[in-house]
Amino acid sequence: MELGSALQFLDNKSILVTGATGFLAKIFVEKILRVQPNVKKLYLLLRAADHKSAIHRLHNEIIGKDLFKVLKEKCGKNFSSFISEKLSLIPGDISHEDLGIKDSNLVEEMWKEVDVVVNLAATTNFDERYDVALGLNTLGAKYVANFAKKCVKLKVFVHVSTAYVSGERPGLILENSYSMGETLNGVSGLDINVEKRIIEEKLNELRLQGASEKEITRAMKDLGIERARFYGWPNTYVFTKAMGEMLVGDFKGNMPAVIIRPTIITSTYKEPFPGWAEGVRTIDSLAVGYAKGKLAFFLGDLESIVDLIPADMVVNAMIVAMIAHASQQPSEAIYQVGSSMRNPVKYCNLQDYGFRYFSKKPWVNKDGKPVIVGKVRVMDSMASFHRYMALRYLILLKGLELANTAFCQFFQGVYSDLNRKISFVMRLADIYRPYLFFDAIFDDINTEKLRMAARSSLVENDMFYFDPKCIDWDDYFMNIHIPGIVKYIFK
């Protein structure tokens, strides 16, 4: 695999990026613009009613972010003109044919001009409505692949999935593809058209019953979890992403296609600067809760490996894979991008980093008082969690229910509030359980081959680093990641 020069490959290229306001997409866009200002055009597809609201989203959610400060410094007063020359905003929606782009001239222009399509649009909410998740993560993947096939100059299509499409399988998870209709538990009959029909029928039934929007949302969330578990996936997110991969495999024809499967993505390791983060991501919600003194206990196996990878490494792996597969007809490759195989970190390490960091630099609350952190109680099984909840809350809830009946619904408000909170915690625990007790390692032999090819034949190998072995986790958490989430995420 001869890679040559990445900067030469990107020179004068037009790239379509879907999901342009997402965390990874922004880092991808910033990297391309910073390292190769001679890229021809980046078409950014984002959800917006019209061009005016697309421009508003560009400024508020993309270039207005701290992430772009290095590029702004580099461009100086030419930043605005550079951005307007290089970025073309496309209001659209990947859950529709031709990506929901209303301007037919623009569609024609893109089919003529686009060299690379990168699909980063997705909903990453584990507990998403099934209709929304199927529309974006599954059918969206098909519509983007179909759009890419119509691009006459297309060199490669890159689809970003997730390593967790493997569900709860223990052991070594290989970089294998999913064939259409394949399930994790061997139950046959998975058909994406049938899933669409089930959603439509359920929505019609709910509307006929006069269900409120809140009730419809709840029912759609429950349906997603139910369908996912019926076929062996733990939640709606990974189920719909797995079906998205099946459709990419089925619809790509002889188009060179790459599937990138990152693990849990964390703040930037090095570029454009260390520690940039956005949105409360999976493990960061634990850090936020802990630092603010709101994490009463940790549910999970402290000896479990938690597979983390900094966002800039994922972006670099995407770019190198893109170059490696450009115009190699027909090819499909899957790259799992994580750290569990080569540089594993455990939940007990995270617990230690959090305790050390916030003992030294406690979070100061609204009243100006530092929050004193301690060691958190650990529950290492779902059984111990259920026991804890029963003793701590469910007995109290039962008592309130009896008192409420005796006092003619006097405690209804308190009872309803507590009941809602308990249901919420139980549901969260149920949804995150597979990751808190995760017992698998993601093989990355394809990704390692890509790294070897980059080391031996990529001119700018140092610029596109993605080897997790070079991460010193202690240094990364104490000096980069936790300070980054304190700066960008803590409110």
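1. Which residue forms a salt bridge with Arg 227, and how far apart are the closest N and O atoms? The partner is Glu 195, and the closest N and O atoms are 2.8 Å apart; a salt bridge here is a side-chain nitrogen of Lys or Arg within 4 Å of a carboxyl oxygen of Asp or Glu. The pair links distant parts of the chain, with Arg 227 in helix H9 (residues 213-230) and Glu 195 in helix H8 (residues 192-208), 32 residues apart. Arg 227 is buried at a relative accessible area of 13%, and Glu 195 is buried at 0%. Buried means under 20% relative accessible area, exposed over 50%, and partly exposed in between (1.4 Å probe, protein chains only). Helices (H or I, at least four residues) and strands (E, at least two) are DSSP runs, numbered from the N terminus.

2. On the basis of the note: this is a predicted model, in which local features need pLDDT of at least 70 and side-chain atom pairs count only at pLDDT 80 or more, while totals for chains, interfaces and linings use all residues. Residues are numbered from 1 along each chain as its sequence is written, and side-chain values use heavy atoms, with hydrogens and water left out.

3. The salt-bridge count comes to 28. Arg 34 forms a salt bridge with Glu 271, with 3.0 Å between the closest N and O atoms. Arg 34 lies in helix H2 and Glu 271 in the loop between E8 and H11, so the pair ties together parts that are 237 residues apart in sequence. Both Arg 34 and Glu 271 are buried.

4. Glu 271 also takes part in a backbone feature: the peptide bond from Glu 271 to Pro 272 is cis, with omega near -5 degrees. Pro 272 lies in the loop between strand E8 (264-266) and helix H11 (282-291). For context, most peptide bonds are trans, and most residues other than glycine have a negative phi.

5. Arg 451 forms a salt bridge with Asp 444, the closest N and O atoms being 2.8 Å apart. Arg 451 is buried at 3% relative accessibility, and Asp 444 is buried with a relative accessible area of 3%. Salt bridges that share partners join Arg 342, Asp 444, Glu 448, Arg 451, Arg 455 and Asp 467 into one network.

6. Two residues other than glycine have a positive phi and deserve a look. Asn 12 has phi near 65 degrees and lies in the loop between helix H1 (6-10) and strand E1 (14-18). Asn 12 is partly exposed, at a relative accessible area of 48%. Leu 99 has phi near 60 degrees and lies in the loop between strand E3 (87-91) and helix H6 (104-113). Leu 99 counts as buried, at 0% relative accessibility.

7. Asp 93 is found in the loop between E3 and H6 and is buried, with a relative accessible area of 14%. Not counting residues up to four places away in sequence, Asp 93 touches Leu 45, Arg 47, Leu 99, Gly 100 and Leu 136; contact means heavy atoms within 4.5 Å. The side chains of Asp 93 and Arg 47 are joined by a polar contact of 3.1 Å. A polar contact is a pair of N or O atoms within 3.5 Å; within protein, one must be able to donate a hydrogen and the other to accept it, and residues adjacent in sequence count only if both atoms are side-chain atoms.

8. Tyr 43 lies in strand E2 and is buried, with a relative accessible area of 2%. The side chain of Tyr 43 makes a polar contact of 2.6 Å with the side chain of Glu 109. Tyr 43 and Ile 90 are 47 residues apart in sequence and 6.6 Å apart in space, C-alpha to C-alpha. Leaving aside neighbours within four places in sequence, the contacts of Tyr 43 include Ser 14, Leu 16, Ser 88, Ile 90 and Met 110.

9. Helix H3 (residues 51-63) has a kink of about 25 degrees centred on Arg 57; the bend at a residue is the angle between axes fitted to the seven residues ending there and the seven starting there. In H3, Ala 54, Arg 57, Leu 58, Ile 62 and Ile 63 are buried. The buried residues of H3 pack against helix H2 (23-35), strand E2 (41-46), helix H4 (69-75), helix H5 (79-86) and E3. Asp 50 caps the N-terminal end of H3, with a side-chain oxygen 3.2 Å from the backbone nitrogen of Lys 52.
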